[in-house]
Amino acid sequence: MIKIEKRNDVSPSIYFLTPILAIFLTLFGGGIIFYVLGFNPLEALKFFFITPISDLYGFSELLVKATPLCLIAIGLSFCFKSNNWNIGAEGQLIFGGIVGGGVALLFYGHDGFYVLPIIILSGAIGGMIFAMIPAVLKTYLNTNEILVSLMLVYVAKLLLDYLVVGPWSNPEGFNFPETRQFSESARMPVLFDGLRIHAGIFITLITVFLSWLILYKTYLGFQIKVSGLSLKTAKYAGYKGKTMIIIVFMISGACAGLAGVGEITGPIGQLHRNISPDYGFTAIIVAFLGRLNPVGIIFASLIVALTYLGAETAQIFLQVPKYTGQVFQGMILFFLLGSDYLLFFKIKFLGLKKNEL
Amino acid sequence: MYKNFLRYIISVLFLLGVSGQANADFKVGFVYVGPTGDHGWTYQHDEGRKAVEAAGIKTTYVESVPEGADAERVIRQLAQSGHDLIFTTSFGYMDPTNKVAKDFPNVKFEHATGYKREHSNVSTYSARFYEGRTLLGHMAGKMTKTNVIGYIASFPIPEVIRGINAMTLAAQKVNPDIKTKIVWVFTWYDPGKESEAAQALIDQGADVIMQHTDSTAPVQVAEKAGVWSFGQASDMQRFAPKSILTSIIDDWAPYYVERSIAARDGTWKQQDTWHGLKEGMVAMAPYNSAMGSDLVKEVEQLQKDLASGKTHSFTGPIYDQKGNILVAEGSVADDGMLAGMNVYVKGVEGDIPQ
């Protein structure tokens with residue numbers, strides 16, 4: 001007989017240690033996969049997790065990759081903490097990119113310090129507005145926010161396709177599906193010559209700090225937390241649930257929009273069809289791996305970013321299939337959810353009683 | 001003492017320079033946009049890479065590299081990790097390739113299907129796929145009963161429009177009544193969308209379909225529906241044995257081998273390559289005998305004439321959809337016109353998406 005019981009007290013230190021355990025289990029599982037594929041596991045893991053960040057350029061690339069993931073995951077943590085399941089961060093990122101990119105094209109050829117801040121702001125507002133659609137539909141028409149936010153991803157993708165193929169395509173670009181390169185004034189300043197790490201990292205760090213402030217030091221943060229723990233309690237306490245749902249979606253959308261605008265004004269420098277390799281979806285893993293905690297999310301975004309870089313270096317040096325990167329991301333989530341289950345539930349092995357035989 | 005030291009340094013540098021030329025660790029890197037198992041575009045580039053490997057040169061590849069911010073890092077990593085020649089095999093790598101080339105003047109770069117050569121270490125190359133399209137048009141015009149030819153197009157770029165026009169012109173020559181119907185799918189590889197488009201074209205009466213996308217989905221739909229089809233990029237015969245009349249094959253192997261050896265031996269020079277049937281960069285898979293031996297002979301002759309230059313895919317008179325003359329009688333379109341082609345010829349239905 002096996003019996004599963006809920007644990008009443010979960011130690012907070014173990015709660016924050018399980019993600020680390022999950023990472024170690026992933027390394028172990030990954031080693032086994034490499035072994036089965038015929039690679040030396042230790043060597044493969046070295047190329048996967050150490051080589052990519054063994055020089056300054058690699059480290060800068062890690063931060064470039066982690067910046068959007070961290071930003072989106074921070075936004076998502078507001079939604080997830082309050083039991084609102086925003087799955088459409090990818091769409092909000094793309095829509096933020098579309099609005100920010102549109103403004104950047106509007107300012108094509110303009111110089112001036114004001115250009116970039118306007119672009120960034122409009123990108124954030126774009127993401128915010130796009131995220132409000134599922135929020136408003138949920139609060140006033142009782143629709144399912146998972147479905148609406150997910151379907152809107154495809155709407156955003158198709159809109160971007162339409163714009164870069166048609167009205168916004170580069171007039172000198174032979175009809176290729178991309179816009180002009182933005183002017184220098186519309187680009188994120190690069191922090192060090194020769195590296196791609198850009199000023200977007202400061203936006204991310206400021207966002208992390210602000211979200212910590214809101215989540216842990218304000219009344220709104222308290223409301224979010226209580227609603228997440230028990231919706232009934234929140235209602236009983238007289239919290240305005242509807243306003244809060246819209247606010248968390250707005251925060252989440254703005255963060256995703258910022259990530260989008262950071263990508264197009266940072267490393268990409270124009271709009272085309274592939275402005276995001278599914279950052280909005282990967283950020284869901286980042287948010288949970290970071291325990292919906294701002295500091296945790298910073299570390300989680302670095303680790304997940306490393307799986308992307310690692311997959312590339314492992315393929316370059318060992319010709320390990322590139323998709324192992326996604327396998328690693330999946331394993332991290334799997335082991336995290338698995339250990340969470342054991343954390344919150346007890347499995348009791350009961351001996352068979354005599355009269356049952 | 002000081003002079004000797006200087007002499008020593010100079011000789012060491014000289015030796016390094018010499019050994020650098022006949023480099024035993026010469027390596028070639030490839031960046032692919034899709035998985036090597038797509039049976040289309042990337043698959044053929046990887047076949048080319050294997051030929052380089054067979055010629056005794058070490059190669060590396062990175063597959064499924066998105067055409068966004070990641071491409072630059074992958075190209076740079078290949079350059080940094082000792083690759084001497086790097087082939088970037090998708091249009092979206094154009095700007096990243098040029099950017100990395102600027103920082104690695106000693107590494108050679110080859111970008112497929114692009115037009116920017118901003119630094120002396122960047123070459124571009126592409127194939128005259130439209131010559132293959134001319135052959136398809138000839139077959140399609142002869143084989144169609146409904147006089148409707150279905151065409152699944154990816155993006156309205158000159159290369160794709162050139163293919164549509166070349167096919168239509170050749171089909172009109174043998175069958176003046178044909179019409180070309182087009183579905184734009186705005187993707188290079190999406191089996192789902194491609195099969196929907198194929199089905200839509202068949203529903204509109206097309207009994208010959210062809211595609212400028214990379215998956216095997218359209219030929220499989222055609223096989224099921226019992227209409228004629230053509231393979232794209234690689235020989236797709238085994239996916240639709242009854243329906244496929246032939247496939248246009250992109251054969252990059254000779255070019256890749258030649259350029260790799262040139263780079264290794266220090267004879268590599270910047271160039272813009274546009275090879276076709278003549279050089280073998282465009283090749284045709286075996287013709288399906290179901291079209292009859294007479295037609296097979298005709299097409300084989302046309303293939304020879306295109307290769308020798310006796311026939312040109314774009315020979316005047318050519319009119320646009322409104323009836324304005326594009327190429328005068330007796331002359332052929334020059335490469336400049338072909339490279340920037342952005343209007344349909346007469347007989348193509350619909351408008352180019354703008």
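Colleague: Before we start, what should I know about the numbering and the model?

Modeller: Residues are numbered from 1 along each chain as its sequence is written, and chains are lettered from A, with ligands numbered from 1, in the order in which they are written. The model is predicted, so local features need pLDDT of at least 70 and side-chain atom pairs count only at pLDDT 80 or more, while totals for chains, interfaces and linings use all residues.

Colleague: Into which domains is chain B divided?

Modeller: Domain bounds come from an automatic or database domain assignment. Here, domain 1 covers 18-127 + 252-275 and domain 2 covers 129-249 + 314-339. Their C-alpha centres lie 30 Å apart. Ten residues from domain 1 of chain B and twelve residues from domain 2 of chain B make the contact; two residues are in contact if their C-beta atoms, placed from the backbone, lie within 7 Å. On the domain 1 side, helix 2 of chain B gives the largest share, three residues.

Colleague: How do I read helix 2 of chain B?

Modeller: Helices (H or I, at least four residues) and strands (E, at least two) are DSSP runs, numbered from the N terminus. The expected span of a helix is 1.5 Å times one less than its number of residues. For the 14 residues of helix 2 (residues 41-54) of chain B that should be 20 Å, and the end C-alpha atoms are 20 Å apart, which agrees. Just after helix 2 of chain B, Gly56(B) takes a positive phi of about 90°.

Colleague: Which residues of helix 2 of chain B are buried?

Modeller: A residue is buried if 20 or more other C-beta atoms lie within 10 Å of its own, exposed if 12 or fewer, and partly exposed in between, with C-beta atoms placed from the backbone. In helix 2 of chain B the buried ones are Trp41(B), Thr42(B), Gln44(B), His45(B), Asp46(B), Gly48(B), Arg49(B) and Val52(B). Their packing partners include strand 1 (27-31) and helix 9 (253-265) of chain B.

Colleague: In what order do the strands of the parallel sheet come?

Modeller: Two strands pair if DSSP finds at least two bridges between them. The six strands of this open sheet in chain B follow the order 2-1-3-4-5-11, and the pairing is parallel. Strand 2 and strand 11 (272-275) of chain B stand at the edges with a single partner strand each, so one side of each is left without a neighbour in the sheet. Strand 1 of chain B pairs with strand 3 (residues 85-88) of chain B over four bridges, and Phe30(B) stands opposite Phe87(B) in strand 3 of chain B.

Colleague: What about the mixed sheet?

Modeller: That open sheet of six strands in chain B has the order 7-6-8-9-10-12. Strand 6 of chain B has six of its six residues buried. Val148(B), Gly150(B) and Ile152(B) point one way from the strand, and Ile149(B), Tyr151(B) and Ala153(B) the other way. Strand 6 and strand 7 of chain B pair in the parallel sense over six bridges; the bridge partner of Ala153(B) in strand 7 of chain B is Trp184(B).

Colleague: Finally, how many residues of chain B are in contact with chain A?

Modeller: There are 26 residues of chain B in contact with 20 residues of chain A. Helix 3 of chain B supplies the largest share of the chain B side, six residues.
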